[in-house]
Amino acid sequence: MIRINCPYCGEREHSEFTYGEDATRTTPDNDAPMEEWNKFVYERDNPAGEHIEYWHHAFGCRAWLKVQRNTITHDISWVGLPHENPEATS
Amino acid sequence: MGQYNALNIAWNALRGHKNWQRAWRDPEPKRNYDVIIIGGGGHGLATAYYLAKNHGITNVAILEKGWIGGGNVGRNTTIVRSNYLLDGNAPFYEHGMNLWRDMAQDLNYNVMFSPRGVMNIAHTKSQYDTFARRANTMRLNGIQAELLSREEVLEREPIIDGSADTRFPVWGGILQPDAGNARHDAVAWGYARAADQLGVDIIQNCEVTDFIKQGERIIGVKTSRGDIHAEKVGMAVAGSSSRLAEKLDLRLPIESHVLQAFVTEPYKPLINGVVTFGAGHFYVSQSDKGGVVFGGDIDGYNTYAQRGNLPVFEDVIAGGLTMMPCLSRLKLLRNWGGVMDMSMDGSPIIDVGPIDGLYLNTGWCYGGFKATPASGYCFAHTIANDEAHELNKAYTLDRFAKGYTIDEKGMGPYPKAH
């Protein structure tokens with residue numbers, strides 16, 4: 001069981017959360033070329049290792065969180081709010 | 001090595017089965033091949049077999065980082081079907097059904113293909129209506145499909161809870177009568193042996209660590225057993241596609257997710273065909289050995305770990321027990337996970353490029369096993385002719401950019417939802 005340390009609620013099992021997606025993707029400008037939009041919508045880094053991603057505490061405080069998790073070991077090394085980044089706080 | 005036949009078995013039986021030879025060679029890799037297939041799973045083996053058989057290209061190496069049968073080809077729930085809705089998918093999978101029917105004879109290997117029927121259960125009138133639409137579409141595509149009444153469903157599988165007070169009563173069902181199961185290991189071994197007999201080198205414990213490029217063209221691979229050159233390099237490494245593509249700075253429309261599967265101890269015949277629950281995600285069949293084999297949803301977060309988590313475990317079991325309460329008395333023997341290439345539209349990619357000398361076979365989501373023969377057949381054609389076969393021409397990599405996605409479930413670019 002993955003456990004996520006919610007900044008508001010404390011450590012909870014991941015069954016309380018809904019997985020969002022890769023949190024490193026940034027929305028292109030509205031007038032950005034189609035290739036950029038294609039990359040944004042369809043292509044993923046999909047790393048084997050550290051992955052920064054969104055989780056929604058759907059059955060808790062309902063906050064969206066940003067989580068750094070290893071996709072091989074499932075170890076979570078950092079949890080923050082969506083506007084934060086692991087480098088900034090750790 | 002010769003052909004396997006009844007006489008052969010009798011002769012060996014009389015001699016205590018001491019004279020069987022290995023089913024395929026264990027060659028040292030040569031320095032040059034016409035074609036390298038990265039990945040010795042079902043799809044890679046089938047590709048090499050059809051390259052040799054249909055296209056006369058026998059100077060082929062399959063590079064497998066582990067051992068044959070150790071990846072997803074040995075980790076699935078062995079279901080074979082073609083009950084697809086969309087034009088890009090239906091003819092491809094139905095061609096696969098034809099290959100499944102003749103596979104044991106073709107490969108001279110008993111793959112235990114058993115067309116025992118795949119039945120999906122509807123629990124509401126509206127769900128039944130969508131099944132009617134699917135059945136009609138399947139028939140228009142030349143695929144067998146039957147709509148079943150509630151009574152017919154319960155007659156086919158008596159252990160389904162047909163009581164009035166069950167949480168999700170059975171309304172009816174859809175049946176693909178000629179779909180079923182096959183022995184997954186035998187499919188891997190059969191293709192490996194048949195490809196080897198046609199001259200393909202199967203090289204196990206040989207991990208591809210990088211690509212060798214000349215200008216913008218791929219001319220070979222670096223491996224844990226030395227550099228190997230080839231005119232054409234095909235990737236059939238579902239589960240690791242993004243990791244390998246990263247070495248080429250290639251980002252794919254793929255996320256890796258884990259899918260769990262389960263098997264019980266062997267029991268007497270209990271379930272006649274393949275059955276899927278319509279009010280949750282649960283599919284079940286019984287192996288010829290008696291084990292009840294079942295699975296459900298992917299875990300839902302990016303992962304490369306070949307193990308699942310307990311919430312999905314519980315969800316799968318709950319779905320199964322709702323449909324077939326008697327399963328609660330069975331003892332679970334094993335549970336395992338396999339890593340899936342979840343694509344952005346739920347459909348695979350079999351394509352030339354996008355780099356010269358490279359050919360892609362990826363994005364099988366959790367439907368890769370049934371596609372094994374058709375995938376190999378089409379990928380071999382694509383590699384040999386440098387263009388897609390009629391059957392896989394919709395499975396291009398650039399379909400996402402062009403807006404021609406094949407989204408069977410209509411979920412959009414959310415891989416965990418397919």
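**Group meeting: a sheet, an interface and a helix pair**

Start with chain A, where strands line up as E3-E4-E5-E6 in an open sheet of four, with antiparallel pairing. Two strands sit at the edges: E3, residues 18–22, and E6, residues 76–80, and each of them pairs on one side only. From one strand to the next, the twist averages 30°. Keep in mind that this is a predicted model.

For a landmark, take A:Thr18, which stands opposite A:His56 in E4(A).

Next, the contact between the chains. Chain A puts in 17 residues and chain B puts in 22. Which elements of chain A supply at least two residues each to the side that touches chain B? Helix H1, residues 34–42, and E4. H1(A) gives the largest share of that side, with three residues. By type, the side of chain A that touches chain B has seven nonpolar residues, six polar and four charged.

Last stop, chain B. Helix H3, residues 90–107, packs with helix H9, residues 372–385; the angle is about 110° and the axes are 7 Å apart. Angles from 65 to 115 degrees count as roughly perpendicular, so H3(B) is roughly perpendicular to H9(B).

Who meets whom? On the H3(B) side we have B:Phe92, B:Tyr93, B:His95, B:Gly96, B:Leu99, B:Trp100 and B:Met103. They meet B:Pro373, B:Ala374 and B:Tyr377 in H9(B). That contact of H3(B) with H9(B) counts eight nonpolar residues, two polar and no charged.

How values were computed. Residues are numbered from 1 along each chain as its sequence is written. Chains are lettered from A and ligands numbered from 1 in the order in which they are written. This is a predicted model: local features need pLDDT of at least 70, side-chain atom pairs count only at pLDDT 80 or more; totals for chains, interfaces and linings use all residues. Two strands pair if DSSP finds at least two bridges between them. Axes are lines fitted to C-alpha atoms, for helices over the stretch in contact, and angles run from 0 to 180 degrees between N-to-C directions. Two residues are in contact if their C-beta atoms, placed from the backbone, lie within 7 Å. Ala, Val, Leu, Ile, Met, Phe, Trp, Tyr, Cys and Pro count as nonpolar, Asp, Glu, Lys and Arg as charged, and the others, Gly among them, as polar. Angles under 35 degrees count as roughly parallel, over 145 as roughly antiparallel, 65 to 115 as roughly perpendicular and the rest as oblique.
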